[in-house]
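Please take me through this chain, setting each value against the definition behind it.

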Amino acid sequence: MAAMAEVVEATLAGMGFELVDARLSGGGRFLAIFIDRPGGITVDHCAEVSRQLTRVFAVEGIDYDRLEVSSPGLDRPLRKAVDFARFAGKKVDVKMRTPDAAGRRRYTGLLRGEAGGVATVEVDGQDVALDLNDIDKARLVPDL
């Protein structure tokens with residue numbers, strides 16, 4: 001998976017896209033690739049990336065049965081430090097691996113940003129510092 005992810009990331013970067021997530025299932029036979037870029041993703045973008053990855057995988061000898069390329073959706077996952085900086089000002093839902101002193105593991109609030117490996121989220125009027133290395137899952141909360 002690591003080698004495949006590196007190939008995908010390099011290919012996408014050259015095309016002006018960002019790899020949000022890559023998942024393997026079906027014994028590694030089904031590849032689900034989630035892409036993003038400023039301004040969002042269209043069906044045409046997904047088709048373009050799918051065609052390019054199909055060619056790259058053939059050259060690299062990456063064997064699979066099915067490839068799916070899609071947008072990360074409105075509830076986009078946040079994985080990297082740059083995600084927490086990029087989406088500052090948006091509402092997020094964060095689940096930590098380990099609870100704080102009060103036993104709390106889940107935080108929903110306004111993302112203030114990221115600095116030094118720490119994301120700051122305003123929860124109930126209070127800023128909470130969350131160590132990126134301890135975050136289990138983080139997602140944007142759709143503003144519908």
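This is a predicted model: local features need pLDDT of at least 70, side-chain atom pairs count only at pLDDT 80 or more; totals for chains, interfaces and linings use all residues.

The questions below go from the terms to the values and then to the conclusions.

Q: How many helices and strands does the chain have, and what makes a run count as one?
A: A DSSP run of H or I with at least four residues is a helix and a run of E with at least two is a strand, both numbered from the N terminus; by that rule the chain has three helices and eight strands, arranged along the sequence as α-β-β-α-β-α-β-β-β-β-β.

Q: Why is Leu-111 called buried?
A: Buried means under 20% relative accessible area, whereas exposed means over 50% and partly exposed lies in between, with a 1.4 Å probe and protein chains only. Leu-111 has a relative accessible area of 1%, and is therefore buried. Its place is in strand S5, residues 106-115. Across the chain, buried residues make up 37% of the 144 residues.

Q: Which residues does Leu-111 touch, and what makes a pair a contact?
A: Contact means heavy atoms within 4.5 Å. Not counting residues up to four places away in sequence, Leu-111 touches, among others, Leu-78, Phe-84, Phe-87, Val-92 and Val-121.

Q: What is the reach of helix H2, and what span is expected?
A: The expected span is 1.5 Å times one less than the number of residues. Helix H2, residues 43-60, has 18 residues, and its reach of 25 Å from first C-alpha to last is close to the 26 Å expected. After H2 comes Gly-61, with a positive phi near 75°.

Q: How do you know that the buried residues of H2 lie on the same side?
A: The buried residues of H2 are His-45, Cys-46, Val-49, Leu-53, Val-56 and Phe-57. They cover an arc of only 100° around the axis, so they are on the same side of H2, the arc being that of the directions from the helix axis to the C-beta atoms. On the other side of H2, Val-43, Asp-44, Arg-55, Ala-58 and Val-59 are exposed.

Notes. Residues are numbered from 1 along each chain as its sequence is written. Side-chain values use heavy atoms; hydrogens and water are left out.
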